[in-house]
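Please look at the sequence and the 3D structure below.

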Amino acid sequence: MSEQTQEPGSSAPRRVVVAGAGMAGVQTAVALREQGFTGTVSLIGAEPHQPYDRPPLSKAVLLGKAEGAAFDVDFEALGIELRLGCEVLGLRPGDHELDTEDGPVPYDVLVVATGAEPIRLPGAEGVPGVHLLRTLDDAERLRPVLARRHDIVVVGAGWIGAEFATAAREAGCAVTVVEAAERPLAGALPAEVAAPMAGWYADAGAVLRTHARVERVEPGTVVLDDGSRLPAGAVVVGIGARPATAWLSGSGVELGTHGEIVADQHLRSSAPDVYAVGDCASFPSGRYGERLLVHHWDNALQGPRTVAVNIVGRASGETPAVYDPVPYFWSEQFGRFVQYAGHHAAADTTLWRGDPAGPAWTVCWLRGDRLVALLAVGRPRDLAQGRRLIESGTPMNPALLADPARPMKAATA
């Protein structure tokens, strides 16, 4: 991919426009001010709501325990211009202009933080009672459904499906989760790690049906490909998300196989003066030796700091900061706190700490004698220590690491 064309030592940018007002966009705008940027910062968001955090949507907002999840940011005091309810439509890098519903917006530097959008269930568009869960409006539409304790069918046993099923059971709904694969989290975890999680559904009173594909959705009913008919006062679709980058078509910005912006190690896109951060962008990881596309909250929190440093520092000729984090995410489901750090694809050893039939256990992945990833269920100390061990690349002693009574930091070689 091409490198950013602006040379170090050129004039400092005066206008930074951030497209996307989710976590990544808000944190970019805030980080620019924290880094001392004094020019204009404009934050453009498609939704009319005050910018908000998404994780609370899957439980607190759904269950009526919170009215919203607005970020605790004083945008006015920080001198950040908000343009809400304004959808981005296109990009003309040669003109340094972003096309929006409200007209063209010029920029010196653009940061694309438009996130990801949920994949829709084919054939279900327009059918009454079919829901996605991505936005505040989605959660508000689903809240009365849970309050009425409808029979609910969840399509997809991934992270979001499990979290929604958890909230629906807590609300007293009858829940059936249908998954096309043979196990939950089939795209995220190896079979032996995901297998213990299948039992969590039954423990919580939810029905999990694997090898189950949706043939069609009718009002009040989900029909599976084996002819089964499931009563459904509501259907919630959680079959994944894709980068929200269709609006970049024709812009010349390089996109990857999943539609994501192909960023370099400094989070610069192939277009001059255009950075990309969060769910909509992949980046090359020197730590893991491959390009990563991370759809999780922590990536949307960490990446903006690198972008802000690089925007502010480039005019003074500073060496650009490299973005190479240890990916991290968490999920609360069926009374369990699940945390994951790292990237296990290239591991050659899988090691267990504790009994997966019990309430607390950890899976560790090693490459050679180095820890590269871990999944901790109800063991937050393992996660905290393990994440630091991954970051430092400390050699581990597998025999010591397998002892769940031994702190991970005391299991080094």
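Strand E20 (residues 281–285) pairs with E21 in the antiparallel sense over 4 bridges. Strands (E, at least two residues) and helices (H or I, at least four) are DSSP runs, numbered from the N terminus, and two strands pair if DSSP finds at least two bridges between them. The model is predicted: local features need pLDDT of at least 70, side-chain atom pairs count only at pLDDT 80 or more, and totals for chains, interfaces and linings use all residues. Residues are numbered from 1 along each chain as its sequence is written, and side-chain values use heavy atoms, with hydrogens and water left out.

Pro-284 stands opposite Arg-291 in E21. The open sheet has 3 strands in the order E18-E20-E21, with mixed pairing. E18 and E21 are at its edges with a single partner strand each, so one side of each has no neighbour in the sheet.

| Strand | Residues |
|---|---|
| E18 | 261–262 |
| E20 | 281–285 |
| E21 | 290–293 |

Helix H1 (residues 23–34) packs against helix H5 (residues 297–313) at an angle of about 35°, with axes 8 Å apart. Axes are lines fitted to C-alpha atoms over the stretch in contact, and angles run from 0 to 180 degrees between N-to-C directions. Contact (heavy atoms within 4.5 Å) involves residues including Met-23 and Ala-31 of H1 and Trp-297 and Ile-311 of H5.
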